[in-house]
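Here is a friendly briefing to read alongside the model. Please keep the viewer open as you go through the points.

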Amino acid sequence: MKKKQKLLKAAPEVIKTQSLVFIFLLAFVVRAVFIFQWNSMPYAGFPLIDAQSYDKWAQDVLTQGFIGKSAFYQSPAYPYLLAFIYRIFGHSYYVVSWIQVLLGSLTCSMIALIGSKCFSTRAGLSAGILVALYKPLIFFTAPLMKETIGVLTFAWFLLAFVILEEKNQKWNFLWAGILFGLAALFRGNILLLAPPLFLFWLFQHKKFALKRIALFAAGMSLPLSLTLAHNLYTSGDFVLINSCGGFNFFIGNNEASTGYGIYPDGISTDPAREEIDVSRIAENSVGRKLLPSEVSKYWSGQAWNYIASHPMAWFQVFLKKAAIFWNDYEEPDNYDQGFITKNFTSILSLPLVTFGLLAALALWGAIIGLKNYKHGFILGLFTIVFMISVIMFYVTDRYRLLVVVLLFPFAGLAVDNLITKIKSRNWASLAVPAFVIFSFFSLSTFPQITDKSSGRSSSWGHLASIYFSMGKFEESILSIEKSMDILPRAPGWYALIAGARSFEALGKFGEAESLYNNGLLLYPNSAELLNAFGVFLLPRGRTQDAVDKFERAIASGTDLPEPFKNLFVIYSRMGKKDLAENYGNKALALSPDDEKFKLIYQKYSQR
């Protein structure tokens with residue numbers, strides 16, 4: 001009995017400082033090499049989708065003030081951190097990448113320390129080396145994405161929690177709560193870990209549980225109160241962090257859901273446009289103006305209605321999402337790691353640690369850890385709850401990334417156990433762990449679970465846009481052609497516009513018009529594509545065709561101001577003042593901050 005009680009205590013060893021420094025340096029060197037390689041890729045100077053949104057948001061914070069105009073739609077912590085970095089170092093993606101290299105390397109040492117405190121010194125060292133060589137974390141140090149900082153804050157919280165269990169000092173619970181709340185500002189579904197944590201304390205520490213919970217909740221509420229106060233002030237609405245949760249829940253739970261992040265027709269993947277589109281559709285359906293929380297509730301309500309009416313179909317997709325979650329493939333969201341690894345020279349081409357290997361090792365470590373170590377239970381519980389919090393929505397590489405903070409200590413324990421068995425020369429004892437690890441790794445690399453064609457097609461589409469922005473028109477055209485060869489619909493309207501404009505820049509007007517027409521077959525209600533087509537037709541002397549495209553863009557129900565502005569210009573030149581003023585006023589209403597257009601309209605009105 002005494003022996004069992006001893007096993008169930010946290011590991012007494014603490015990893016040496018030299019080992020933590022070694023892990024930091026290993027992680028730093030690997031990430032630094034990738035940063036140099038990243039900066040030779042076309043992606044370096046052209047942030048994609050969310051990265052572009054974060055960059056613009058950070059610049060808006062600096063130019064327009066700390067307080068936004070409405071409740072946050074996306075998680076706000078990373079854009080505000082970017083604004084802070086830009087304020088000190090200037091607008092430099094390069095500097096941000098190097099800061100993320102430093103913080104990402106620090107995370108590796110943190111996870112090593114967690115592993116040593118939860119299990120053993122060798123488990124911590126093994127976990128640290130594995131995470132230092134983990135391919136997705138190496139990748140995410142480069143782009144303007146929140147993942148590196150999000151993983152850091154979650155690891156920091158987990159380390160604080162482990163220390164809490166050792167020292168049991170009441171003010172540490174407040175600090176752990178602050179870190180937990182801060183981590184939630186990067187990835188809101190972390191909040192779902194609070195209830196199991198509180199239950200754990202209630203069962204394990206009945207005498208002091210309520211005090212622990214109260215202090216932790218007080219600390220957690222401090223960061224969350226900042227976002228809540230902002231949202232109440234700007235929108236008069238109770239939005240705790242951000243309001244995109246309802247729509248994200250709908251993406252993963254509707255009749256067209258596949259387990260991946262497939263957007264419904266008529267909704268842009270650009271975050272700024274997405275917010276407008278989801279609000280417009282919800283308000284048109286309800287028939288009144290909605291608060292951000294009401295928009296979110298509308299979409300989540302649509303999802304729950306689908307679940308209630310199609311429980312078996314929903315459950316099948318739910319199981320598929322669970323399989324995708326544990327698959328080795330990194331389902332792309334913004335950036336496709338596999339595509340970049342294949343098409344650009346980098347350290348990512350080396351045989352680094354991937355999710356499949358991590359998950360397989362972690363499974364064996366969990367089997368050992370849940371039985372013999374007290375921290376094993378809470379790490380396992382957190383893993384299950386976090387997995388459910390992701391697959392209730394949909395699975396991407398970014399959404400599941402935080403789970404690695406929980407898995408690496410288990411993986412380190414597995415390596416420690418294997419080394420012990422090898423040293424003892426008890427070869428027969430290796431049979432069970434080898435079978436478990438090999439079997440799960442084989443299942444995680446099962447290719448039929450994932451659909452890589454969509455990601456590859458989208459990635460070529462992204463490159464088409466980037467190459468157009470760089471003035472590399474031939475490369476842009478080649479990229480859009482490759483994208484459409486793989487999967488015609490996947491490139492997105494933005495890539496089709498880039499390809500068409502590249503043809504136009506090279507004087508290939510017939511090819512440009514053909515690509516616009518093909519694009520409209522795929523996206524007949526894309527206001528952006530219709531507007532771009534109209535802009536292309538106008539200087540070709542086809543004014544009426546251009547007007548038709550602009551009017552179709554408006555008829556799609558868009559809040560895009562450009563077609564209204566273009567019709568204002570056309571009708572003002574035609575001398576049709578009533579029509580010009582009508583479209584001009586609508587354009588001003590949709591873009592009140594466009595000072596250039598405001599001045600043009602004022603001059604026209606004063607004629």
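**Backbone, rings and helix contacts**

R425 is exposed, with a relative accessible area of 62% (buried means under 20% relative accessible area, exposed over 50%, partly exposed in between, with a 1.4 Å probe and protein chains only). This is a predicted model, in which local features need pLDDT of at least 70 and side-chain atom pairs count only at pLDDT 80 or more, while totals for chains, interfaces and linings use all residues. Residues are numbered from 1 along each chain as its sequence is written, and side-chain values use heavy atoms, with hydrogens and water left out.

**Positive phi angles**

- R425 is located in the loop between α20 (403-423) and α21; helices are DSSP runs of H or I with at least four residues, numbered from the N terminus.
- Although R425 is not a glycine, its phi is positive, at about 60°.
- I49, also a residue other than glycine, has a positive phi near 50°.
- I49 belongs to the loop between α2 and α3 (50-64), and this residue is buried at 19% relative accessible area.
- For context, most residues other than glycine have a negative phi.

**Aromatic pairs and a cluster**

- Searching the whole structure gives 57 aromatic pairs; rings of Phe, Tyr and Trp (its six-membered ring) pair if their centres lie within 6.5 Å, and planes under 30 degrees apart count as stacked, over 60 as edge-to-face and the rest as tilted.
- F34 and W38 form a tilted pair, because their ring centres are 6.0 Å apart and their planes stand at 50°.
- Both F34 and W38 sit in helix α2 (residues 17-38), 4 residues apart, or about one turn of the helix.
- F34 is buried with a relative accessible area of 0%, and W38 is buried at 2%.
- Y516 and F533 are stacked, because their ring centres are 4.8 Å apart and their planes are at 10°.
- This pair links distant parts of the chain, with Y516 in helix α25 (residues 509-522) and F533 in helix α26 (residues 527-537), 17 residues apart.
- Y516 is buried at 1% relative accessibility, and F533 is buried with a relative accessible area of 1%.
- One aromatic cluster includes F154, F157, F161, F173 and W201 among its members.

**A charge over two rings**

- The charged end of R540 sits over the ring of F509, 4.2 Å from its centre; the criterion is NZ of Lys or CZ of Arg within 6 Å of the ring centre and within 35 degrees of the ring normal.
- The charged end of R540 also sits over the ring of F536, 4.8 Å from that ring's centre.

**Where α14 meets α15**

- Helix α14 (residues 292-309) and helix α15 (residues 311-325) have axes that come within 5 Å and cross at roughly 110°; axes are lines fitted to C-alpha atoms, for helices over the stretch in contact, with angles from 0 to 180 degrees between N-to-C directions.
- α14 is therefore roughly perpendicular to α15, a label for angles of 65 to 115 degrees.
- Y306, I307, A308 and S309 of α14 meet P311, A313 and W314 of α15, where contact means heavy atoms within 4.5 Å.

**Two further residues**

- L522, in helix α25, is buried at 18% relative accessibility.
- Beyond its neighbours within four places in sequence, L522 contacts M484, P488, R489 and L496.
- A434 lies in helix α21 (residues 431-444) and is partly exposed, with a relative accessible area of 42%.

Notes: Helix = DSSP H or I, 4+ residues; strand = E, 2+ residues; numbered from the N terminus. Parallel < 35°, antiparallel > 145°, perpendicular 65-115°, else oblique.
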